[in-house]
Amino acid sequence: MQVTHLFANLSVPDIDEARGFYVDYLGLSDAGLTELGWVARFQTPDGQAAVQLVTRDATAPADSVLSVAVGDDIEEAYEEAQRRGFEIVYPLTTEPWGIRRFFVRAPDGNLINVNGHKDG
């Protein structure tokens, strides 16, 4: 499995209310996902660092603290998590917005959203 991106998922009650802090104060720009309504990504001007704000996950039973993108390796990542006996909290699913993902609980208790786009 090759990790391509990591995003911290910060729980917020209202994305629009939090936007001012991340955009106006920290100088981050809106990097998308706002059309989903429940998640937004903000990044540095060079695109090297980003954070996601999440009000609640739209389909999973719980919120994750970290999103890990693995591209085309999503099935391999899922099988490896199962092989290692990690708790799968949300099974491998193709979401309506086009991403394939699953949630796995790390041994430290944190919930991780492992994802890849179905088109690569």
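**Close-up views of a predicted model**

Arginine 100 is buried (under 20% relative accessible area, with exposed meaning over 50% and partly exposed in between, for a 1.4 Å probe and protein chains only), as its relative accessible area is 17%. The model is predicted: local features need pLDDT of at least 70, side-chain atom pairs count only at pLDDT 80 or more, and totals for chains, interfaces and linings use all residues. Residues are numbered from 1 along each chain as its sequence is written, and side-chain values use heavy atoms, leaving out hydrogens and water.

**View 1. Arginine 100 and glutamate 75 form a salt bridge.** The closest N and O atoms of this pair are 2.9 Å apart; a salt bridge is a side-chain nitrogen of Lys or Arg within 4 Å of a carboxyl oxygen of Asp or Glu. Arginine 100 belongs to strand E7 and glutamate 75 to helix H2, 25 residues apart, and the pair links these distant parts of the chain. Helices (H or I, at least four residues) and strands (E, at least two) are DSSP runs, numbered from the N terminus. Glutamate 75 is partly exposed, at 34% relative accessibility.

**View 2. Arginine 101 and aspartate 57 meet through their side chains in a salt bridge of 2.6 Å, N to O.** Arginine 101 lies in strand E7, and aspartate 57 in the loop between strand E4 (50–54) and strand E5 (66–69), so the pair ties together parts that are 44 residues apart in sequence. Both arginine 101 and aspartate 57 are buried, with arginine 101 at 3% relative accessibility.

**View 3. Asp16, Arg19 and Asp30 are linked in a network of salt bridges.** Aspartate 16 is exposed, at 56%, whereas arginine 19 is partly exposed, at 23%.

**View 4. The largest nonpolar core has 10 residues, among them Val68, Tyr78, Phe102 and Ile112.** A nonpolar core is a set of buried Ala, Val, Leu, Ile, Met, Phe, Trp, Tyr and Cys residues joined through side-chain atoms within 4.5 Å. Helix H2 (74–83), strand E7 (99–105) and strand E8 (111–117) each supply at least two residues of this core, and the largest share, 4 residues, comes from H2. A second, separate core of 9 residues includes Ala18, Ala40, Phe42 and Val51.
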